Each structure stands twice: as structure tokens, then as C-alpha cells.
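The entries follow the order in which I looked.

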Amino acid sequence: MSKTTRATQLLSQAGVPFTVHAYDYDPNAERVGLQAAEALGEAPHRVLKTLMAEVDGKPVCVVVPSDREVSMKKLASAFHGKSANMMKPADAERLTGYHVGGISPFGQKKTVPTAIEEAALGEPLVYINGGQRGLQVRLDPKAALKALKAVAAPLIA
């Protein structure tokens with residue numbers, strides 16, 4: 001497994017301090033984020049999952065704790081929209097250039113507006129997908145917010 005991805009390159013170029021953590025990815029896991037948290041020996045609320053969605057038909061990226069679900073109403077509100085829905089996996093892969101299970105908010109092929117669950121900013125360090133299945137980057141969530149030019153908002157149901 002390469003520990004250099006578009007995501008890690010973007011973080012390095014942005015001067016964001018991070019560490020890379022590989023784990024055994026289980027393609028059959030019911031919930032990939034929870035499987036990652038367990039494999040890393042971390043609390044699920046510190047391992048964030050990256051989801052691709054649409055607000056009023058426009059693509060957005062959403063980063064929330066792996067043990068929580070996104071509220072579509074709150075997601076739409078975070079982007080000043082009326083409605084939100086999850087993006088189809090094939091569309092998410094085409095837009096980001098990453099495979100489902102390895103989608104990172106960093107270094108996507110097409111930059112889209114991103115929101116991070118505000119509760120995650122209370123953690124000193126979080127894990128976010130590093131752009132490959134079985135690869136996480138550990139970093140300060142506030143640095144992630146800044147690097148992504150993301151908004152912090154209440155997003156979980």
C-alpha cells in the first residue's frame with residue numbers, strides 16, 4: 001500500500017501536520033468507518049467518515065463521526081439549501097477520483113464545498129480517510145477545516 005496519495009500530497013503542500021495510519025480494510029464490513037475505528041483502536045467519534053452528497057442538486061462533501069448519521073435537513077441548512085440526498089457511489093467515485101471506502105475530503109479531483117460536523121472540532125486529533133482503503137490520516141480537526149476551506153456546522157441526526 002502506498003502511503004502517498006493525492007490527499008497526503010495536498011496536506012503536505014498545505015503545511016498541515018499529520019501522521020499516516022494503515023489498517024486492514026475489510027471490504028465486507030457493514031460500516032466501513034466503524035471497522036476503521038476498531039482496527040485503529042480508536043473511539044468511533046474520533047474516526048471521521050467522508051460522505052458525498054448533493055444539496056439542491058449540487059455536489060458537497062460531508063465529514064462526520066463514523067458512529068453517527070447525517071441529518072439531511074441539517075446538511076441542506078449548512079449549505080443554505082432546501083434539500084439534500086446522498087450521492088450514488090458511482091457518481092461519488094467519478095467526482096472524487098477515489099474508490100468508495102477510500103474517499104478522502106482532501107485532494108479530490110473536483111473541489112466541492114465541504115462541511116465538517118462541529119462537534120468533531122472539540123477533539124484534539126481525529127482520523128480522516130487518507131485517500132485509499134485502509135489508510136487514515138491523523139490530524140487536528142481545525143487544521144483539516146482550514147485546509148479544506150470547509151464550514152463547521154451541526155450535521156448529525
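The entries below go from conventions to residues, then to strands and pockets.

**Conventions.** I am working from a predicted model, in which local features need pLDDT of at least 70 and side-chain atom pairs count only at pLDDT 80 or more, while totals for chains, interfaces and linings use all residues. Residues are numbered from 1 along each chain as its sequence is written, and side-chain values use heavy atoms, with hydrogens and water left out.

**Thr50.** I placed Thr50 in strand S2, residues 48–55 (helices are DSSP runs of H or I with at least four residues, strands runs of E with at least two, numbered from the N terminus). Beyond neighbours within four places in sequence, the contacts of Thr50 include Val63, Ile103 and Ile128 (contact means heavy atoms within 4.5 Å).

**Ser66.** I found Ser66 in the loop between strand S3 (58–65) and helix H3 (72–78), buried with a relative accessible area of 1%. The side chain of Ser66 reaches the backbone oxygen of Pro44 at 2.9 Å, and Pro44 is also among the residues in contact with Ser66, as are Arg31, Val47 and Lys49.

**Strand S5.** Which residues of S5 point one way, and which the other? From S5 (residues 114–117), Thr114 and Ile116 point one way and Ala115 and Glu117 the other, and all are buried. S5 pairs with S3 in the parallel sense over three bridges (pairing needs at least two DSSP bridges), and here Val63 stands opposite Ile116. S5 also pairs in the parallel sense with strand S8 (residues 151–153), over three bridges, where Ala115 stands opposite Val151.

I recorded about 610 Å³ of space in the largest pocket. Of its 28 lining residues, Val32, Lys49, Thr50, Leu51 and Val100 are the closest to the centre (on a 1 Å grid over the protein atoms alone, a pocket is an open set of points where a 1.4 Å probe fits, with protein on both sides within 12 Å along at least five of seven lines, and lining residues have an atom within 4 Å of a point). S2 gives the largest share of this lining, five residues. The second largest pocket has a volume of about 180 Å³, and its lining includes Cys61, Pro105, Thr114 and Lys149.

Definitions and conventions. Buried means under 20% relative accessible area, exposed over 50%, partly exposed in between (1.4 Å probe, protein chains only). A polar contact is a pair of N or O atoms within 3.5 Å; within protein, one must be able to donate a hydrogen and the other to accept it, and residues adjacent in sequence count only if both atoms are side-chain atoms. Grid points are joined across faces, edges and corners, and a volume is the space filled by probe spheres set on the points.
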